Amino acid sequence: MIRSDDLHADIGEILLTEEAIRTRTAELGAQVAADYAGRALTLVSVLKGSLPFMADLMREIPLPLRIDLMEVSSYGGTATESSGLVRIIKDLSASIAGEDVLLVEDIIDTGLTLNYLVRYLRGKSPASLRICTLLDKPARRLVDLPVDYVGFEIPDQFVVGYGLDYGERYRNLRFVGVLRPEVYAPPAE
Ligand code: IMP
C-alpha cells in the first residue's frame with residue numbers, strides 16, 4: 001500500500017482550526033472553573049487521543065485541581081468502528097473516592113467506550129462525575145449518556161488530528177481534519 005509521508009496530504013477538509021480549538025477550549029475551561037469553584041476537582045483523561053485536549057483544557061481552569069490518566073483500548077472492532085469491548089491498559093493512579101471528577105474525552109462516537117468508563121468510574125465512589133468532550137458525533141450514538149460539556153458537535157465523518165489517530169498516525173496535527181476516505185478504504189485494485 002502506498003501512503004503519503006505528508007500527513008497533511010491525507011486530509012480532505014480542515015474541520016476545526018487550531019484557533020477555533022483554542023478559543024472553544026478557553027470557553028470550556030472558564031465554564032468548568034465557574035462550576036467547580038471551591039470543590040475538589042480531579043480531571044481524568046483517557047489516553048492517547050485526549051492528550052492535547054487535556055493539556056490545553058487544564059491550563060484554562062485556574063483552580064487547584066488534580067489530574068489522573070487512564071489508557072483504554074477497544075477490541076473486537078475495526079480501525080474506524082468501536083466495539084464497546086474495552087480493555088484497561090492503564091488504570092487510575094490514585095483514589096477518586098469523594099472527589100468531583102470530570103472525565104475529559106477526545107470524541108464521543110457511539111458512546112460505548114464512554115459508557116464503559118462511566119460505569120467503571122462510578123464504581124470508585126466519586127462525589128460527582130461529569131463528562132467533558134472536545135468532539136461529539138451525536139448522529140452515531142448508540143447509548144444515551146448525559147454529556148455536560150461539549151466542545152463541538154461534528155458530522156458523521158472520521159476525523160484525525162489534535163490527538164485523534166488513524167492507525168496511530170495524525171495525532172500530532174494541530175487541527176482536526178477529515179481523513180480522505182481513500183486512506184482507510186483504498187480503491188479496489
Ligand atoms: P465510541 O466508543 O464509539 O464512542 O468511540 C470512542 C473512541 O473511538 C474515541 O475515544 C476514539 O478513540 C475513537 N474514535 C471515534 N470516532 C473517531 C474519529 O472520527 N476519529 C478518530 N478516532 C475516533
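**Helix packing**

Mentor: The axes of helix α1 (residues 18-36) and helix α2 (residues 51-58) come within 9 Å and cross at roughly 55 degrees. Axes are lines fitted to C-alpha atoms, for helices over the stretch in contact, and angles run from 0 to 180 degrees between N-to-C directions. Helices (H or I, at least four residues) and strands (E, at least two) are DSSP runs, numbered from the N terminus. This is a predicted model, in which local features need pLDDT of at least 70 and side-chain atom pairs count only at pLDDT 80 or more, while totals for chains, interfaces and linings use all residues. Residues are numbered from 1 along each chain as its sequence is written, and side-chain values use heavy atoms, with hydrogens and water left out.

Trainee: How are α1 and α2 oriented to each other?

Mentor: Two packed helices are described by the angle between their axes and the distance between the axes. Here α1 and α2 are therefore oblique to each other; angles under 35 degrees count as roughly parallel, over 145 as roughly antiparallel, 65 to 115 as roughly perpendicular and the rest as oblique.

Trainee: Which residues are closest to the ligand?

Mentor: The ligand is surrounded by 16 residues, and the closest are T110, G111, T113, K137 and V159; a residue is near if one of its heavy atoms lies within 4 Å. β5 (100-108) and α3 (112-122) are the elements that give two or more residues to this shell, and β5 gives the most, with four residues.

Trainee: Where do the backbone exceptions lie?

Mentor: Most residues other than glycine have a negative phi, and most peptide bonds are trans. In this model a cis peptide bond joins L47 and K48, with omega about 0 degrees, and K48 lies in the loop between β2 (41-47) and α2. Y162, not a glycine, has a positive phi of about 50 degrees and is found in the loop between β8 and β9.
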